[in-house]
Amino acid sequence: MAKGITERAKDYSQWYIDVVKQADMAEHSPVKGCMVIKPTGYGIWEKIQQNLDRMFKETGHVNAYFPLLIPESFLKKEAEHVEGFAPECAVVTHGGGKKLEEPLVVRPTSETIIWDSYRNWISSYRDLPLLINQWANVLRWEMRTRLFLRTTEFLWQEGHTAHATHEEAEEEAYRMVQVYRRFAEEFLAMPVLVGRKTDKEKFAGALHTYCIEALMQDGKALQAGTSHHLGTNFAKAFDVQFQDRDSERKYVHATSWGVSTRLIGGMIMTHSDDSGLVIPPRLAPVPVVIVPIWRDDDQMALTLAKARHITEGWDKLFYKIDDRDQYKPGYKFNEWELKGIPIRIELGPRDVENNQVVAVRRDTGEKVTLSADGLRENLEKMLDDIQANLFQRAKDRTEASTHTVDSYDEYKERIKGGGFFRVFLNHADPKVEERLQGDTKSTIRCIPFDAPDEEGPCMITGAPCKGRVVAAQSY
RNA sequence: CGGGGUGUAGCGCAGUCCGGUUAGCGCACCUGCUUUGGGAGCAGGGGGCCGUCAGUUCGAAUCUGACCACCCCGACCA
């Protein structure tokens, strides 16, 4: 048992706070709801950025940057959008010691400022599609915050694309939610449901919203990414038209899509354990740490020299040699466990003598003795295996926690235990979702793309429904 | 915004009820020696406008009043 970490079974919420703190990922800032992301946490965000950015570029997107401050009037141009975001906006009213002519909103999202620019950038079908992403911070005045999961300011990427037709925008929104699914599975090792949000849960100003939803270890769902088909709503609000091949002037079709530092919270709650953080190898800034073990200066020189010899020619970002003299090996073992490093190598005088090392996997705690020859290849294999194991473990857990229920009474009872619930609910009627939330604090998380072709009665109203939705309590 | 709690060293706390030496303890930090295969030991040392402001008093961390901040639990959200 790790010192300073509450057991998951005892208090999941406190466990999460303890892991973030003990792994030295982030801390609260003096401003309510804001966080300082420390190097250990930010390094993971950088890995997320690097890999996602590559995936965006591979699908034809380019990066740009739009300003933090948005004229308040812009936000008001799209009716649903302003209604959705106004309550959580911070507004700048003064600058340079003077009251501003027009207040400036700190962006809660950038559709409005971006579409104001797009008006000037788009005049012909030849300008389309316009496929732009930005990495940025945004601000949303939340009532209740949790490190990484919901903070007042957070880091994210937001893609904003413009297309000539409804169909192309639809393809884009779908393509990007699939990019998110692939990223979640392959990098976060996090299984997700992929589907569409109900009208109640969709983005303010969108025709519809696609999403990936993951199930955390405590049985609560986490919205991990969203992709919106915005139709011509923003084009109309900002008068963005283009002249098509047929010489007609037409409104531009839009999408937007984003994932945030919340993914780090999801990563923690998917894989970590009572010993601390567990980082999937593909997101680990440094996947391997080598702890040389010595009793005296001679042994120190010996084991350090061996460690340097073994790692000769290795990518410097692949490993770290922990040569600190002020801590004992036991302390280091615990520290690297808390910090979630995928593989720890122990290298003592006995190992040097036998030309071997002891490798310890973070996911299983398993210790194996490996030859110092060909070590790099064996470590690569082990990392792949850890990555695959973490995903499989999470997938098995999610499947075991996914239930199919038809009776509302049964649902009300079982929802308390957490999990995804495949149910018939008539979400066309907004009152149904309101009742669900009022009765059970759960919501419809998504209408999965891969739901089997089934029909049945809504478990609340009895109205006939096509296809099951997935409901759960969520973060 | 409602309910609960907390502000004393970087962190975690005691002291406050019942005012009175130089405000104390653990962890962390610095120095030295011994240690080092699962969170080391001993010795010495540094570090405080006791949340803020005002009051009572010869004297306030302690009593009174006001204010501020943060955390936890409920109504909104990625």
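This is a predicted model: local features need pLDDT of at least 70, side-chain atom pairs count only at pLDDT 80 or more; totals for chains, interfaces and linings use all residues.
Me: With which residue does Lys367 form a salt bridge?

Reply: Start with the general idea. Side chains of opposite charge can pair when their charged atoms come close. Here, Lys367 forms a salt bridge with Glu346, and the closest N and O atoms are 3.8 Å apart. This pair links distant parts of the chain, with Lys367 in strand S19 (residues 367-371) and Glu346 in strand S17 (residues 343-347), 21 residues apart. Glu346 has 9% relative accessibility and therefore counts as buried.

Me: Which residues are joined into one network by salt bridges that share partners?

Reply: Lys197, Lys200, Glu201, Glu213 and Arg445 belong to one such network.

Me: How many salt bridges are there by this rule?

Reply: The count is 35 salt bridges.

Me: Take Arg445 and Glu213. Where in the chain do these two sit?

Reply: First the contact: their side chains meet in a salt bridge of 3.1 Å, N to O. Arg445 is in strand S22 (residues 443-448) and Glu213 is in strand S10 (residues 208-215), so the pair, 232 residues apart, links distant parts of the chain.

Me: Are Arg445 and Glu213 buried or exposed?

Reply: Both Arg445 and Glu213 are buried. For Glu213 the relative accessible area is 0%.

Me: How far is the C-alpha atom of Glu213 from that of Val291?

Reply: The two C-alpha atoms are separated by 38 Å, and the residues are 78 apart along the chain.

Me: What label does each partner get in the salt bridge of Arg324 and Asp322?

Reply: The two partners get separate labels. In this salt bridge the closest N and O atoms are 2.9 Å apart. Arg324 has 22% relative accessibility and so counts as partly exposed. Asp322, at 2%, counts as buried.

Me: Now a buried charge. Which side chain of opposite charge is nearest to Glu158, and how far away is it?

Reply: The cut-off matters here, because a salt bridge needs a side-chain nitrogen of Lys or Arg within 4 Å of a carboxyl oxygen of Asp or Glu. The nearest side chain of opposite charge to Glu158 is Arg107, at 5.0 Å. Glu158 is buried and has no salt bridge.

Me: What other contact of the Glu158 side chain can I look at?

Reply: Look at His160: a polar contact of 2.8 Å joins its side chain to that of Glu158. Glu158 itself lies in strand S8 (residues 153-163).

Me: Next, surface patches. Which residues form the negative one?

Reply: A residue needs over 30% relative accessible area to be part of a patch. In this model, Asp296, Asp297, Asp298, Asp323 and Asp325 form a negative surface patch. One of these, Asp323, is in the loop between strand S16 (319-321) and helix H10 (329-338). Asp323 has 38% relative accessibility and so counts as partly exposed.

Me: Which residues make a nonpolar patch?

Reply: Tyr65, Leu68 and Leu69 make a nonpolar surface patch of about 280 Å². Leu69 is in strand S4 (residues 69-71). At 34% relative accessibility, Leu69 counts as partly exposed.

Me: On to the backbone. Where is the cis peptide bond that involves Pro129?

Reply: Read omega. The bond joining Leu128 and Pro129 is cis, with omega about -5°. Pro129 is in the loop between helix H5 (111-121) and strand S7 (130-139).

Me: What is the phi of Phe148?

Reply: Phe148 has a positive phi, about 70°, although it is not a glycine. Phe148 sits in the loop between S7 and S8. Its relative accessible area is 1%, so Phe148 is buried.

Me: What is the phi of Lys441, and where does this residue sit?

Reply: Lys441 is not a glycine, yet its phi is positive at about 60°. Its place is in the loop between helix H14 (430-440) and S22. At 71% relative accessibility, Lys441 counts as exposed.

Definitions and conventions:
Residues are numbered from 1 along each chain as its sequence is written. Chains are lettered from A and ligands numbered from 1 in the order in which they are written. Side-chain values use heavy atoms; hydrogens and water are left out. Patches are made of residues with over 30% relative accessible area and no salt bridge: like charges are joined within 9 Å, nonpolar side chains (Val, Leu, Ile, Met, Phe, Trp, Tyr) within 5 Å. Accessible areas come from the Shrake-Rupley method with a 1.4 Å probe; for residues, only the protein chains shown count as cover. Lys and Arg count as positive and Asp and Glu as negative; His and the chain ends are not counted. The place of a charge is taken as NZ of Lys, CZ of Arg, CG of Asp or CD of Glu. Helices (H or I, at least four residues) and strands (E, at least two) are DSSP runs, numbered from the N terminus. Buried means under 20% relative accessible area, exposed over 50%, partly exposed in between (1.4 Å probe, protein chains only). A polar contact is a pair of N or O atoms within 3.5 Å; within protein, one must be able to donate a hydrogen and the other to accept it, and residues adjacent in sequence count only if both atoms are side-chain atoms.
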